[in-house]
Amino acid sequence: MDLLLQHVINAVSLGGTYALLSLGLAIVFSIIGLINFAHGELMTAAGYTIFFMLAAGVSLPLAIVFAIVAVAILAMGIERVAFRPMRKADMTGLLITSFAMSMILQAFFQNAIGARPRAVAMPEALSGVVNLGSVHLGIIPLMSISITVVALVALNLFLKHTVMGITMRAAAEDIDVVRLLGLKAGRVVATSFAVSGVLAATAAFLWVAQRGSVDPLMGFVPVLKAFVATIVGGLGSLTGAVAGGMLLGIVEVLAQVVLPPSMVEFRDAFVLGFVILLLLVRPQGLLPAPTGRRS
Amino acid sequence: MTASPLLDVAGLNVRYGYVEAVRGISFSVAPGEILALIGANGAGKTSTLSALSGLTPATGRIAYRGTDISGLGAEKRSGLGIALTPEGRRVFPSLTVAENLLLGGAAHKGKHDPAAKREEMLSLFPILKERYHQRAGLLSGGEQQMLAIARSLMSAPDLLLLDEPSLGLAPQIVDQVFELIVKLNGTGLTILLVEQNASRALEIAHHALVLANGAVALSGKASDLLASPDIRAAYLSA
């Protein structure tokens, strides 16, 4: 029973991190129709920011806030420099741009900082365990879940109760009409990148706290998983992204637990096999976005 | 037309790749009038409105209140008082009626009080008050059309470009829409109306323009066009 609870906590914690990442991808996708493959590098940038801040003796909460702000600005900068000039390009052009951006940033991290992983010195307190009778729960997964919940609630409030949030939801459905109403589409796109940066930085902290190190390719695997999660959830749908991320985290932990030890190294193959089966049954994803209606 | 025009269009050209949808049309809209733009499917009516709104790139001169606005984007033109209610209504389906209206006025807060404007819209369209917290996608076609028009009016425009407001609506709703257009025009709003239902449009318009293959085939007083048997035969026997 105790073990089960621990697995559930681990699954929700991992799923939450994927959910934050896939939300970031989905928000940008819903507005400009681009899968931003440089999203992983936003995560890596946040990881390094936290690493350097902690190394400089800054407290962890301040380091996290700083990483969030820095990466939101970086995301807007990438939009301004790489994507905005390409706004008339087709899907393929945008996709290639995002791959290029991803590789440029990876090369930058490798050359400016170094290819080997850097250990991130997390405060001692985080490595502790909460003991509830016979149940031992790690502080990091519990913190992970709390932070994910706070981030999701905050994003939901932003999207439902601010003019910019409502405009972003409208732009996901029909950005031309948003412009017709006099609302600045460029600002909406920039904000969507900023929000994706905030989510990537938050996820980066959770990832680093769990693993204790940063390297130039840190963002690649989790964002690849998050991409799978957005497809599973239904491309462009925000609730779908959260559901897809959660499901993927749960399936991954489940595979880890139930597979015999000799098969655990093939865990991802089983997880992706499950995704393929799911998409065969539901090709549109779990909770697809309402398709844009044009007359 | 005696007064200086609100909108003056000269040599407007819209092309999509090799296809010329609008071929150098010129016309003007006087303040306070309803100008009907009629013609067969594919005559260039929607392209013309879209070009005027700034969504579709076009060449030619578009003067609004005597100033050339052809270089301005859709956001800027909305700010100047030009609103387009697009064909197919295009309300934001997953947003509530309240949110759709909110966005209609959000960029125009400096011009008027959005709350007062919203009350005005809800008294003009009582059905929207009933549906206020429902998602726009759940409204009927007629209700969506009312919402689309109300959303445009939230910017307090001086010129309303209305694209096919009666398309796909039940006959008694069509009556309501035409009554509304006359009512709005009565408050001083200038309207450029694109309609499939040409005879109905001519009945309420002051002037009209008949488009054929992207060019102006005929123009004149709406009542004259409506009375002319040739025109009835050629353009109104839909």
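Student: How much space lies in the largest cavity?
Tutor: About 30 Å³. Keep in mind that this is a predicted model.
Student: And how many cavities of 30 Å³ or more does the structure hold?
Tutor: There is 1 cavity of 30 Å³ or more.
Student: Which residues line the largest cavity?
Tutor: Chain A gives A:Leu180 and A:Leu181, while chain B gives B:Ser78, B:Ala83, B:Leu84, B:Arg151, B:Ser152 and B:Ser155. Sorted by class, that lining has 4 nonpolar, 3 polar and 1 charged residues.
Student: Which elements of chain B each supply at least two residues of that lining?
Tutor: Look at strand 6 (82–85) and helix 6 (141–153) of chain B; each supplies at least two residues of the lining of the largest cavity.
Student: OK, on to the interface. How many residues are in contact between chain A and chain B?
Tutor: On the chain A side it's 21 residues, in contact with 26 residues of chain B. The two chains bury about 2200 Å² between them, and 62% of that is on carbon and sulfur atoms.
Student: How many salt bridges are there between chain A and chain B?
Tutor: The count is 3 salt bridges. One pairs A:Arg169 with B:Glu99, where the closest N and O atoms are 2.9 Å apart.
Student: Which part of chain A gives the largest share of the side that touches chain B?
Tutor: That would be helix 6 (residues 163–180) of chain A, with 12 residues. By class, the side of chain A that touches chain B has 9 nonpolar, 3 polar and 9 charged residues.
Student: How many residue pairs are in polar contact across that interface?
Tutor: The rule finds 7 residue pairs, both residues being at pLDDT 80 or more.
Student: Switching to pockets: how much space lies in the second largest pocket?
Tutor: About 300 Å³.
Student: Which residues lie nearest its centre?
Tutor: Of the 18 residues lining the second largest pocket, those nearest its centre are A:Asn10, A:Leu14, A:Gln210, A:Arg211 and A:Val253.
Student: Which helix gives the most to the lining of that pocket?
Tutor: Helix 1 of chain A, with 6 residues. At least two residues each come from helix 1 (2–32), helix 5 (139–161), helix 7 (185–211) and helix 9 (238–258) of chain A.
Student: And what's the lining of the second largest pocket like by class?
Tutor: There are 7 nonpolar, 7 polar and 4 charged residues in the lining of the second largest pocket.

Notes:
Residues numbered from 1 in each chain as written. Chains lettered and ligands numbered in written order. Predicted model: local features only at pLDDT ≥ 70, side-chain atom pairs only at ≥ 80, totals over all residues. Heavy atoms only, no water. Contact = heavy atoms within 4.5 Å. Buried area = accessible area lost by both parts, 1.4 Å probe. Salt bridge = Lys/Arg side-chain N within 4 Å of Asp/Glu carboxyl O. Polar contact = N/O pair within 3.5 Å; in protein donor to acceptor, adjacent residues only side chain to side chain. Helix = DSSP H or I, 4+ residues; strand = E, 2+ residues; numbered from the N terminus. Nonpolar A, V, L, I, M, F, W, Y, C, P; charged D, E, K, R; others polar. 1 Å grid on protein atoms, 1.4 Å probe; cavity = no way out; pocket = protein on both sides within 12 Å on 5 of 7 lines; lining within 4 Å. Points joined across faces, edges and corners; volume = space filled by probe spheres on them.
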